[in-house]
Amino acid sequence: MSGPDPLALLAARLGEPSEARPLGGGAWRVRVGDRLLVAKGGPGALDEAEGLRALAAAPGGPPVPAVVLAERGLLVTVFVPEGPRTPAAEEALGRALAALHGTPSPWGRFGGGSAWIGRCPVDPWLTPVDEVGFYRARLAELAGRCQLAGAVAPLLERLDELLPQGPARLVHGDLWWGNVRFGADGRAWLLDPSAHGGDPEEDLAMLGLFGPVPRRLLAAYEEVRPLPAGFEDRVALFQLVPLLVHTVLFDGPYRAEALAVIRRYVGRRAS
């Protein structure tokens, strides 16, 4: 993300850091006094802070870094020391995600929340606000920005047949493995949310897009919140939003992957 230097903003607000190490993506690990913190810049700082606070308030949900400071162009959180990825941590993550997904949308609807998915701006206040209407509008918005509006149109017409049409729940919204940090405390922490009201299957599908979801994680999830019928058949459908986000940002092979998903659900070749 571009914008003011987060280290300069940090120094002005909390004091000059005694050390600073880049973490990638415009984030820095810094030491201010006796605290290890993470400082990030960019236009989505306030949205991310709102999402972290919403996730932190979800009863039984996964832990997230505490927000130390949030203002336009700067987010400072507590640094989470990294530890090993263990089967126990994966199982605990499954149960915690199920608890998170039992939390009604704090915005009282589908959408709301963050106006960013990573570095891709999105409209959080799409209408209508039922499940089909929200995902139809979000897919149409993203597809139009990468010249795939015509290809996705037949799929949008079928969404009322394909989506489960449940109530809006609190979701992380950008839950790939790079945003899961296995901490030194033995827990799996969630980072960098694009929190909003959505379908829980959105998070689980995103988790499987860039790496496998361990069977033990899903089994633990189902101990708390059984997956609805047809879940496995909808995974690729819910992966279409992040694939279109990546097409907007990077194009390349993501366009072909998005088209493959569209063809799968419309039953004919998209162009």
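This is a predicted model: local features need pLDDT of at least 70, side-chain atom pairs count only at pLDDT 80 or more; totals for chains, interfaces and linings use all residues.
Visitor: How many residues does α10 have, and what does it reach from its first C-alpha to its last?

Guide: Helix α10 has 14 residues, and the reach from first C-alpha to last is 20 Å. That is close to the 20 Å expected at 1.5 Å a residue. Just after α10 comes Gly267, which takes a positive phi of about 75 degrees.

Visitor: How many residues does the largest nonpolar core have, and which of them have the most contacts inside it?

Guide: The largest nonpolar core has 39 residues. Leu155, Leu159, Leu240, Leu244 and Ile262 are those with the most contacts inside it. At least two residues of this core come from each of α4 (131-145), α5 (149-162), α6 (200-207), α8 (231-238), α9 (240-250) and α10 (253-266). Helix α4 gives the most, with 7 residues. There is also a second, separate core of 29 residues, which includes Ala54, Leu55, Leu93 and Ala98.

Visitor: Which residues are buried in α3?

Guide: In α3, the buried residues are Ala89, Glu90, Leu93, Gly94, Ala96, Leu97, Ala98 and Leu100. They pack against α2, β8 (169-171), β9 (180-182), β10 (188-190), α6 and α7 (215-224).

Visitor: What span should helix α3 have at 1.5 Å a residue?

Guide: The 14 residues of α3 (residues 87-100) should span 20 Å, and the end C-alpha atoms are 20 Å apart, which agrees.

Visitor: Against what do the buried residues of α7 pack?

Guide: The buried residues of α7 are Leu217, Leu218, Ala220 and Tyr221. Seen down the axis of α7, they fall within an arc of 160 degrees, so they line one face of the helix. These buried residues pack against α3 and α6.

Visitor: How should a positive phi be read?

Guide: Most residues other than glycine have a negative phi. In this structure, Gln147 has a positive phi of about 60 degrees although it is not a glycine. Gln147 is found in the loop between α4 and α5. Because its relative accessibility is 64%, Gln147 counts as exposed.

Visitor: Where is Asp251 placed, and what is its phi?

Guide: Asp251 sits in the loop between α9 and α10. Its phi is near 55 degrees, again a positive value in a residue other than glycine. At 33% relative accessibility, Asp251 counts as partly exposed.

Visitor: Which residues lie nearest the centre of the largest pocket?

Guide: Gly25, Lys40, Trp176, Asn179 and Asp192 lie nearest the centre, among the 37 residues that line the largest pocket. About 920 Å³ of space lies in this pocket. Each of β1 (19-24), β3 (35-42), α2 (45-56), β5 (73-78), β6 (116-117) and α9 supplies at least two residues of the lining. Helix α9 gives the most to that lining, with 5 residues.

Visitor: In which strand does Arg35 lie, and with what is Arg35 in contact?

Guide: Arg35 lies in strand β3. Leaving aside neighbours within four places in sequence, Arg35 is in contact with Val30 and Val68. From C-alpha to C-alpha, Arg35 and Pro17 are 9.7 Å apart in space, and they are 18 residues apart in sequence. At 39% relative accessibility, Arg35 counts as partly exposed.

Visitor: What does Arg21 touch, not counting residues up to four places away in sequence?

Guide: Arg21, whose place is in strand β1, touches Ala27, Trp28 and Arg29 on that count. Arg21 and Arg31 are 10 residues apart in sequence, with 9.3 Å from C-alpha to C-alpha. At 44% relative accessibility, Arg21 counts as partly exposed.

Conventions:
Residues are numbered from 1 along each chain as its sequence is written. Side-chain values use heavy atoms; hydrogens and water are left out. A nonpolar core is a set of buried Ala, Val, Leu, Ile, Met, Phe, Trp, Tyr and Cys residues joined through side-chain atoms within 4.5 Å. Buried means under 20% relative accessible area, exposed over 50%, partly exposed in between (1.4 Å probe, protein chains only). Helices (H or I, at least four residues) and strands (E, at least two) are DSSP runs, numbered from the N terminus. The expected span of a helix is 1.5 Å times one less than its number of residues. On a 1 Å grid over the protein atoms alone, a cavity is a set of points where a 1.4 Å probe fits but cannot get out, and a pocket is an open set with protein on both sides within 12 Å along at least five of seven lines; lining residues have an atom within 4 Å of a point. Grid points are joined across faces, edges and corners, and a volume is the space filled by probe spheres set on the points. Contact means heavy atoms within 4.5 Å. The arc is that of the directions from the helix axis to the C-beta atoms.
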